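Colleague: I would like a close look at a single part of this model. Pick one residue, go through its surroundings, and then widen the view.

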Amino acid sequence: MDPQTPKAGELSLPQAFLLLATNDIDGEPELPAYILRTAVAGAILAELDLLEAIELQGKNLRATGTEPQTHLRHELEIIRHKSRPHSPKKWVSILEGRAEVQRVYESMASRGILDQVGEKHLGVFKRVRYPEKDHAPEAALLKKIESTLNGAPADSTSKSPAAKPVTPEAAHADTDPRTRALIALLHAAGVLEKLFPAADRNRIQELAGDHWPSRAVEDELRELRVAAEPLV
């Protein structure tokens with residue numbers, strides 16, 4: 001496939017996800033920290049996958065020889081120089097962290113999309129928030145997502161004898177890969193249904209079901225939740 005590079009002015013998937021998962025007014029994340037960090041790690045993998053800088057070979061993830069123009073060079077180098085390959089879920093667990101989230105926030109602040117507001121205690125920044133400064137990028141994202149969600153879903157209830165099952169390829173035929181990936185990531189983190197509560201659940205599954213970075217996010221979140229459950 002051709003690399004799905006961002007168009008001029010377009011946000012990367014980690015940037016787009018974080019923008020939609022952050023409160024516009026107070027600049028605070030709308031998600032618990034562990035979900036935010038896990039989903040951003042998955043968005044990093046999804047972006048590098050679209051750029052064809054990484055690929056899934058069997059059960060493991062490997063770097064390719066592609067050298068894309070991206071703000072995720074640091075993360076790509078980590079994957080490239082790891083001594084042995086890992087599964088997508090393992091890479092999500094490796095990449096998730098506060099530092100990765102901060103890097104993505106700062107990349108949007110440097111573009112004038114977010115403000116960087118620090119709160120000091122005894123002269124030291126203890127807390128940084130990122131309220132929205134320019135709403136146009138988020139508005140464009142929401143419009144793209146809404147348009148994609150409103151596309152014709154597969155009619156799995158049709159009684160016509162000529163009806164055929166809709167393949168993932170057919171369901172995706174008229175949709176943008178970057179928008180599909182963002183929908184899948186937002187769904188995995190539980191954000192999509194908050195943004196679009198009336199969205200058709202079958203349509204969401206059609207768009208998100210075969211997106212491996214988002215499945216890795218879901219698997220990691222499931223494991224983190226099980227580990228946090230109190231022993232009976």
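Modeller: Take Glu-132. Leaving out residues up to four places away in sequence, Glu-132 touches Leu-19, Asp-24, Ile-113, Leu-114 and Glu-138. This is a predicted model, so these are contacts between predicted coordinates. Glu-132 sits in the loop that runs from strand S4 (124-129) to helix H6 (136-149). Its relative accessible area is 19%, and the cut-off for buried is under 20%. Glu-132 therefore counts as buried. Its side chain also has a polar partner: a contact of 2.7 Å joins Glu-132 and His-135. Now look back along the chain. Ala-109 is 23 residues away from Glu-132 in sequence, and their C-alpha atoms are 9.1 Å apart.

The structure has 1 aromatic pair. Its members are Tyr-105 and Tyr-130, and the pair is stacked. The ring centres lie 4.4 Å apart, with 5° between the planes. Tyr-105 has a relative accessible area of 3%, so it is buried. Tyr-130 is at 1% and is buried as well.

The buried residues of H5 are Glu-100, Val-101, Gln-102, Val-104, Tyr-105, Ser-107 and Met-108. An α-helix has 3.6 residues a turn, so residues three or four places apart point the same way. The buried residues of H5 pack against H1, H2, helix H3 (73-80) and H4. After H5 comes Gly-112, with a positive phi near 80°.

Helix H11 (residues 212-228) makes a second example. It has 17 residues, which should span 24 Å at 1.5 Å a residue. Its end C-alpha atoms are 24 Å apart, so the two values agree. In H11, the buried residues are Trp-212, Pro-213, Ser-214, Ala-216, Val-217, Glu-220 and Leu-221. Their cover includes helix H2 (33-50), helix H4 (88-95) and helix H8 (177-189). Strand S1 (54-57) and strand S2 (60-63) are also part of that cover.

Now the whole chain. It contains 11 helices and 4 strands. Of its 232 residues, 43% are buried. Take contacts between residues at least 6 apart in sequence: 70% of them join residues at least 24 apart. The accessible surface is about 12500 Å², and carbon and sulfur atoms account for 52% of it.

Last, confidence. The chain has an average pLDDT of 86, and 82% of the residues score at least 70. Helix H1 (residues 13-20) has the highest confidence, at a mean of 98. Helix H7 (residues 168-171) has the lowest, at a mean of 51. Over residues 152-166 the pLDDT is below 50. That stretch has 9 contacts in the model beyond near neighbours in sequence. Where pLDDT is low, the predicted coordinates should not be read in detail.

Definitions and conventions:
Residues numbered from 1 in each chain as written. Heavy atoms only, no water. Helix = DSSP H or I, 4+ residues; strand = E, 2+ residues; numbered from the N terminus. Buried < 20%, exposed > 50% of the residue type's maximum accessible area, 1.4 Å probe, protein only. Contact = heavy atoms within 4.5 Å. Areas by Shrake-Rupley, 256 points an atom, 1.4 Å probe, with all protein chains shown as cover. Polar contact = N/O pair within 3.5 Å; in protein donor to acceptor, adjacent residues only side chain to side chain. Phe/Tyr/Trp six-rings, centres within 6.5 Å; stacked < 30°, edge-to-face > 60°. pLDDT = per-residue confidence, 0-100. Expected span 1.5 Å × (residues − 1).
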